[in-house]
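Work through the exercises below with the sequence and the coordinates at hand, and try each task before reading its solution.

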Amino acid sequence: MWALRWLLPSGAGRAMSQGPARRQRPPKDLLRHLRAREKRSSSWEPGAPHTVYLQVAAAGGREAGSALYVFSEYNRYLFNCGEGVQRLMQEHKLKVSRLDNIFLTRMHWANVGGLCGMILTLKETGLPKCVLSGPPQLEKYLEAIKIFSGPLKGIDLAVRPHSAPEYKDETMTVYQVPIHSEQRCAGDLRSQSPERPLSSPERSPDSAATQQKQHLPHGNGVSQKACGRDPSLVVAFICKLHMKKGNFLVLKAKELGLPVGTAAIAPIITAVKDGKSITHEGREILAEELCTPPDPGLAFIVVECPDEGFIQPICENDAFKRYQENPDSPTALVVHMAPESVLMDSRYQQWMERFGPDTQHLILNEKCESIHNLRSHKIQTQLNLIHPDIFPQLATFPSKEERLTLSVPVVRGECLLKYQLRPRREWQRDALLTCNPEEFRAEALELPNFQESVQECRKSMQDSTAPAEKRNQYPEIVFLGTGSAIPMKIRNVSSTLVNISPDKSLLLDCGEGTFGQLFHHFGEQVNQVLANLAAVFVSHLHADHHTGLLNILLQRERALAALGKPFHPLLVVAPTQLRPWLHQYHNHCQQIMHHISMIPAKYLLQRAEVSDPSTESLIQSLLKTCDLEKFQTCLVRHCKHAFGCALVHTSGWKVVYSGDTMPCEALVQIGKDATLLIHEATLEDGLEEEAMEKTHSTTSQAIGVGMRMNAQFIMLNHFSQRYAKIPIFSPDFNEKVGIAFDHMKVCFGDFQTVPKLIPPLKALFADDIGEMEERKEKRELRLIRAALLSQEQAHSPKDREPQQKRVQAESPQSPQSKKVRAQ
């Protein structure tokens with residue numbers, strides 16, 4: 001028995017002595033709504049949903065874009081899917097697995113930046129089909145993301161082009177309205193950052209092939225490019241709910257003596273719901289006496305007007321005119337994704353007024369003030385109590401400008417704001433987010449042992465804390481994303497900013513939402529941060545490491561223009577295989593190649609030969625700009641073409657970044673005597689097999705790599721999202737190891753401080769650590785039981801029973817007797 005107890009973690013022996021394990025719950029059926037829909041399909045009638053509402057997922061801010069979620073009992077829809085939308089939906093419990101239709105208003109990264117991640121998530125949930133509606137370039141976009149995602153097997157992705165007939169399902173009918181800018185005659189326009197007018201077109205060398213236009217039949221105001229990108233096109237959506245029949249009044253029917261509760265009542269209900277009168281005992285009863293009035297098929301419209309060039313085509317479009325002041329087609333709501341410059345235009349205001357006084361108008365743009373990632377603000381506020389410099393407060397943006405006053409009923413978007421269409425029309429603000437830092441602090445200060453551990457931590461730091469002038473020295477490391485796989489409410493996906501000097505920085509990886517993290521961290525200084533950005537290193541082509549790159553490029557262009565600085569391409573060190581994705585997106589969706597000067601990561605391997613003079617020139621430019629003596633890469637043990645890197649500064653410090661990898665000797669070699677190692681620690685100790693299967697590292701494996709390379713300090717990051725707030729601590733933790741959090745800021749002078757933060761961190765997240773430890777004990781217990789049963793079956797081949805039946809039949813003393821027999 002002593003051997004068995006040695007194998008068990010503390011607490012596991014107690015769990016075993018309590019008798020057989022509880023039967024596990026069956027896995028949650030994520031797709032039960034699809035089976036329910038199939039059952040309804042044979043008897044489906046339009047207008048079945050009793051509840052339909054629109055909800056703002058992203059209110060139009062620079063960091064979040066505009067996104068709208070539409071709910072009915074039977075369907076879920078998403079309008080636009082910029083970066084971070086999936087993270088917002090996960091945080092606020094807007095079910096991603098129920099989406100079967102995504103509508104895109106324009107082929108711009110602000111609208112589609114989160115789509116590749118969303119598609120991969122939908123695929124993982126087992127959703128069999130998702131239909132994308134919008135610009136025709138969506139087909140090419142799907143082809144492009146397969147370059148790094150691989151074949152999207154298991155999900156049927158279909159594109160419904162804007163020229164397709166209307167779409168109809170159980171909730172509503174959707175009409176697509178293509179609109180072309182007046183500036184379409186100016187030729188192919190340069191890619192534009194959000195809120196930037198489409199002016200001063202600049203052609204790229206390969207844009208000539210896209211200048212040919214193919215015109216659709218006269219009268220619809222639409223022209224379509226025969227192939228390639230078309231920045232002059234937006235697609236609006238007119239969505240008309242099916243009419244819902246009135247409700248049968250049971251009590252009134254009883255008063256009139258109708259046969260309620262019998263089979264004879266069924267044809268009566270059908271008749272009055274269809275508006276027909278009935279005759280009962282010689283008396284005619286009107287439908288209005290037995291049934292509430294039907295709910296009319298209200299309409300709502302989603303329209304994007306990126307700049308003034310689209311105003312006149314929108315105002316003149318016949319499709320909208322049919323819904324303006326038309327009692328037969330009442331428009332409940334118009335959603336305007338438009339900048340203030342458009343809303344101020346008298347033509348656009350007059351177009352809004354033509355919908356009449358009963359139509360509500362929802363504005364989504366950068367002037368909408370809204371907190372989106374509330375959990376991120378909460379965690380950072382609480383971490384700030386532990387160390388205000390290492391965990392700085394996130395930025396907020398109170399409005400400094402007066403808002404535009406319009407003559408129509410206008411509501412500014414806020415995250416989670418609802419407009420209910422059915423059962424009654426009304427705004428609903430009960431789900432709106434409130435960021436109350438004082439409440440967050442009070443919650444943390446009430447936790448057991450938290451205040452005491454913070455005070456002890458500060459006391460221990462008084463003697464060892466570096467002087468302020470040393471603490472503020474460069475380089476400065478800002479962790480922007482410390483989670484893996486998919487963006488979650490606490491940890492975003494991979495990205496780390498290295499501020500080399502006050503005016504030079506580079507990014508190590510650039511997962512989805514990296515710009516949003518920069519925006520929240522630096523606030524009004526984000527333009528200067530982007531202007532200081534000299535290079536981006538992309539370690540490999542998994543989506544959680546590079547799909548934030550395009551937004552960084554577009555926002556950097558905007559930042560340089562705002563600061564009056566000249567535009568120049570950004571140096572990007574990446575696997576060569578990134579280039580086909582960029583070219584495909586550039587050729588068919590949006591011009592972006594003029595933003596990039598690319599250095600293939602393979603040319604920075606030790607002893608690599610660079611035969612191309614232009615690449616050699618870019619490498620020298622990278623070293624000179626960043627004041628680096630060496631920028632070296634190595635192949636790591638993850639997917640094909642995955643790299644780690646080491647940055648050696650002219651002053652002597654060395655920062656090593658692992659990317660995603662299992663323990664890798666090549667990384668140890670290029671990282672010898674590193675000042676700082678930033679290494680992934682995706683999984684906890686005890687999950688070495690899973691780590692190997694997924695080609696990642698456990699906590700102790702990552703620490704071991706740092707010890708072998710003699711790193712002065714090790715920061716662990718890229719934690720599995722199962723460790724949402726904090727990972728499980730390894731016994732190998734020591735004074736040279738720290739844990740990275742999103743928005744954590746450290747410099748070399750903090751190395752003595754960071755390990756001292758662990759006790760207050762454990763106090764802050766004590767409940768989460770307890771839950772994770774309990775899960776770990778249960779997992780280890782299952783493994784031990786499985787091993788014992790396997791040994792017993794190996795010794796008794798003639799007396800085998802199903803494993804589950806035998807575990808349930810065991811007495812509380814059975815583990816001991818089994819262990820004796822196994823020995």
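**Exercise 1.** Does Glu366 count as buried, partly exposed or exposed, and what is its relative accessibility?

*Solution.* The model is a predicted one, in which local features need pLDDT of at least 70 and side-chain atom pairs count only at pLDDT 80 or more, whereas totals for chains, interfaces and linings use all residues. Residues are numbered from 1 along each chain as its sequence is written, and side-chain values use heavy atoms, with hydrogens and water left out. The classes are set by relative accessible area, with buried under 20%, exposed over 50% and partly exposed in between (1.4 Å probe, protein chains only). Glu366 has a relative accessibility of 24% and therefore counts as partly exposed.

**Exercise 2.** Find the residue with which Glu366 forms a salt bridge, and describe where the two partners lie.

*Solution.* A salt bridge requires a side-chain nitrogen of Lys or Arg within 4 Å of a carboxyl oxygen of Asp or Glu. The partner of Glu366 is Arg558, and their closest N and O atoms are 2.8 Å apart. Glu366 is in the loop between strand 16 (360–364) and helix 15 (374–386), while Arg558 belongs to helix 22 (residues 549–562), so the pair ties together parts that are 192 residues apart in sequence. Helices (H or I, at least four residues) and strands (E, at least two) are DSSP runs, numbered from the N terminus. Arg558, at 18% relative accessibility, counts as buried.

**Exercise 3.** In what order do the six strands of the open sheet follow one another, and which strands form its edges?

*Solution.* The order is 26-27-28-29-30-31, with mixed pairing, where two strands pair if DSSP finds at least two bridges between them. Strand 26 (628–635) and strand 31 (737–739) are the edge strands, each pairing on one side only. Strand 26 runs antiparallel to strand 27 (residues 643–649), and seven bridges join them. Leu635 stands opposite Phe643, which is in strand 27.
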